[in-house]
Amino acid sequence: MKMKKIALPLLSIVLLGAGLTSCKDKKVETKVVVTDSIAWNFQSSHHVFYSLSEGKEITLADSATAKWDIGFNLATIILNSHASGPGQAGVIVKTGNYESATSAPTDGYSYDTTALQLAINSNPFSPNAWYVYDPVTHAFSPKAGQYFIVKTADGKYAKLEMISVIPVIDPGALYPKTLIYKFRYTYQSNGSVNFN
Amino acid sequence: MVRKFILFIAVCGFYSSLLAQDVADSTDKILDEVVVTGTRTENKVRNLPLPIQVISAKTIEKSGIEDLLQILQMQTGLVVAVNPLGVSLQGYPNPFGSGIQMQGMDPAYSLILVDGEPLTGRNGGILNLSRITTANISRIEILKGPATSLYGSDALAGVINIITKVPEKNSFNGRIQYASNNAMGITLSGGIIAGKTSIQLLGRRYQNDGWDLDKSIYGKTIDPYTDYSFDVKTITKFDKKNSLTLSARYYHDKQNNNYLIDERGKPEVINGNTYEEDKSLYAKWDRKINDRLNFVAGLYTIGYDNHSNAFLKSNDSLYEKITFNQYLIKPEVQVNIGPADQLLVTGAGYHHESVKSSRYGRDRIMDSWFLFLQKQFVVNEKLNIIAGGRYDKNSLYAAQFSPKLAAGYKVNSNLILKGSVGAGFKAPDFRQQFLDFSNSLVGYTIIGARELGNGLTRLKRTGLLSESIDITPYLNGLELSPERSVGYNLGIDFTYSSNLFFRVNLFRNDVNHLIETYNLPFNQTNGKAVFSYQNIDRVFTEGAEATINYSLDKNWKFITSYNYLIAKDKDVVDEIRSGKLYRRDPITGYSHIVRLSDYKGLYNRSKHTANLNVQYTNHEWDASALLSVKYRGRYGFQGINNSTDGNTILDDPREFAKGYALVDLVLCKELNKNFSLQAGVDNILDYTQPALLPAQFGRGYFINVNFKF
């Protein structure tokens, strides 16, 4: 199965403070604010993988490494640790305003304990799922007011909000060809829990 | 469109006031109509402090329409609504169909009666009303507001009571209809008077080739079907004090299914048939002891069967077989004591209901008995009061007491004020109690509350549930309470003149303990959820409806009505107030707090609906024309226009389906005293909406040949 990263008009890796901090000399900006998307082939039997630190898709060949942090497959989201990979990735599912999340807790993270007991609830119709399922259109859209505090595969911290899941459907087809997951996140590369 | 017509009426009204008022008696007809639904005894509409409207056989005949749903939707405040759950995961044809929304409440909350007795076979809360042959209807009584105090479960929004014809003379009637989609209907009916016994007979065959509203999707939107109906009713008047009514109804429908499914990622064509059958028997003995005492003893039984066989076209193998069988038997006694204006009505009965379905495992049984009491007080010429209540004791849930109080006040000969308040309940249905279903395709399981013990044990046995999960709290099943409501109605009937009549009714319904699905706090070993039902939700509906009946002269008659509705989920309102609800911005996709002003209420409700009915009769030519318009304002529908905004409430302008108007025109010509012709156009504006209203065909034509001897 060929995986191709498509439709990335919104890819915008912005290194904040490049201009602002220059006068405060020497402070190196370690925070990365990203809006990105990743495509999953609808016929695919495995996930697509993404690295928050690198801001890009990680190939299937590296799926058994700690290079990726988060993976997508239909409605499931996996994190690189425990049952899903060799990394340390975990998640705290939060309800509230994404912007006002200024720091990550140091504990309380959930992990993919088994392949079927994932940290992020992906059951259709479940009120605790990360998405809202629409029985009419079969669309699932990320639940508003929900975001993730993510511990990455290498133990750094990030906050991430799923923005949309958009199916790409050929005219007349029964199924979408691909699903495009769009998300935004703030990644703190210096290992601190601070997102400000 | 609608606005134009209303203006037209206003203009007509102006001119008419200049004309002599020597005509039509329409307003007297409305108020002197005798109805039975309001009190279970005969009463004139004028004397009932309840919002009740009547559709006469004549109106039905004149409309030329044979579909009951289509007749009902032309009435004030009644809206045809599709159950949103009607589109199944696999894209099956809509299995639930359309029902009638009354006072903003879903079809499941209106009780449908035939001669005062309930129909069974609700599917997703919806009854297929095609089961009733319109040619056999004497009148339809529509009572709004809770009527649980007389009829028990389901009568929260109101009651639609279909009164069938009583044989009056030797007669032979018939209609042959041909219509679009190769629809062909033949109805024959007759009355026979044989001494003390009179017999009413009816037979009907109807076929329709179905229709396709979306050519890009394989198969038809509505598959071809053929119906048969046979009705027999006999009334024997042994003497002045004793009479016996026997009635039997039979309905059979066969639909030829042909559609596409996805079978593990591969499209497959399904062929098959769906059968629906409705059989009912009714015996009633009416005994009059004296002028002040009579009793009615009845025994009613109805069996409903719905089954479908679906075969994979590729190899002719059985893909799925679904069966659903519901049976009800109900003996009942009613005693009426006292003079007509101070009547005490009391009664008791027993209700035995069973369901057998491929999705409920073994036979499921529900037994209940009930007792009701109602007293009419005519205090004086102006004031009359009705007070009553009903006690229902059911084998599956706590006993329910449902009181009702209504009062009418005749201010003067033109103005009547009516007010009522009543409690209603809806019993948890068989599905909510007993369903035990694992979806093989998606993998989740849904179990009725009472069935939780057995269902979860099954999941453990089959390894779908881990041994470590503690299911002891569920082992005896959980109890559901009935959904309960309190309804208030306040209205006026105002007779301006013998040809102009106004009616206004304000309503409010508070519904508590609505039953919804929820997640059990653990997952299956396949990671998928287990769902059950619980009483969680609270909603309200409120609004106003207004009707004007106006007869310009012998030839022209107008009926126009308007319905205003607000319906909201109280828990959603609370959540918004406490700042817990978010929505996604349609452009950026970022989450924002939902404000109270963003929330537009429950899905599938129109704030504005209106009706217009114009009748023109030319007595010289023995001809008439009837124009009907139903306008339904915009209504919310989750997920429409790709309006996925990350929550499940109506708070995004894109979530609205556009309003629409259905316009019908019928012309009628009497050829002689035996024959008449009708020709009509349904849905002149050719409005269709395949996803939300699959049962609404576009512009259609029909011709009826009617005869009576």
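Reply: Let us begin with strand pairing: two strands are said to pair if DSSP finds at least two bridges between them. With that in mind, and remembering that this is a predicted model, look at strand β10 (residues 171–179) of chain B, which pairs with strand β37 (residues 700–708) of chain B in the antiparallel sense over seven bridges. Within that pairing, B:G174 has B:F707 of β37(B) as its bridge partner.

Me: Which other strand is joined to β10 of chain B, and by how many bridges?

Reply: Strand β11 (residues 183–194) of chain B is joined to β10(B) by nine bridges, and the two run antiparallel. Here B:F172 stands opposite B:G190 in β11(B). The hairpin that β10(B) and β11(B) form has three residues between the strands, and in it B:N181 takes a positive phi near 65°.

Me: What do the strands on either side of B:D115 belong to?

Reply: In chain B, an open sheet of five strands has the order β3-β8-β9-β6-β7, with mixed pairing. Its edge strands are β3 (52–56) and β7 (117–118) of chain B, each of which pairs on one side only. Strand β6 (residues 110–114) of chain B is joined to β7(B) by two bridges, the strands running antiparallel, and B:V114 stands opposite B:E117 in β7(B).

Me: How many residues of strand β31 of chain B are buried?

Reply: Burial is judged by relative accessible area, and a residue counts as buried when that value is under 20%. In strand β31 (residues 608–618) of chain B, eight of the eleven residues are buried, so this strand is largely enclosed by the rest of the structure. β31(B) is joined to β28(B) by nine bridges, in an antiparallel arrangement, with B:S561 opposite B:N611 in β31(B). β31(B) also pairs with strand β32 (residues 623–632) of chain B in the antiparallel sense, over ten bridges, and there B:A610 has B:Y631 as its bridge partner. Between β31(B) and β32(B) the hairpin has four residues, and B:D622 takes a positive phi near 55° in it.

Me: What is found at the N-terminal end of α8(B), and what comes just after the helix?

Reply: B:D569 caps the N-terminal end, where one of its side-chain oxygens lies 2.8 Å from the backbone nitrogen of B:D571. Just after α8(B), B:G579 takes a positive phi of about 70°.

Me: Is B:L456 buried or exposed, and which residues does B:L456 touch?

Reply: B:L456, found in helix α7 (residues 452–461) of chain B, is buried, with a relative accessible area of 0%. Leaving aside residues up to four places away in sequence, B:L456 touches B:I447, B:L465, B:I471, B:Y474, B:L520, B:F522 and B:V530.

Me: What can be said about chain B as a whole?

Reply: Chain B has eight helices and 37 strands. A compact globule of 709 residues would have a radius of gyration near 27 Å, and chain B, with 26 Å, agrees with this. Of its 709 residues, 54% count as buried. Among contacts in chain B between residues at least 6 apart in sequence, 62% join residues at least 24 apart.

Definitions and conventions: Residues numbered from 1 in each chain as written. Chains lettered and ligands numbered in written order. Predicted model: local features only at pLDDT ≥ 70, side-chain atom pairs only at ≥ 80, totals over all residues. Heavy atoms only, no water. Polar contact = N/O pair within 3.5 Å; in protein donor to acceptor, adjacent residues only side chain to side chain. Rg over C-alpha atoms; globule rule 2.2 N^0.38 Å. Buried < 20%, exposed > 50% of the residue type's maximum accessible area, 1.4 Å probe, protein only. Contact = heavy atoms within 4.5 Å.
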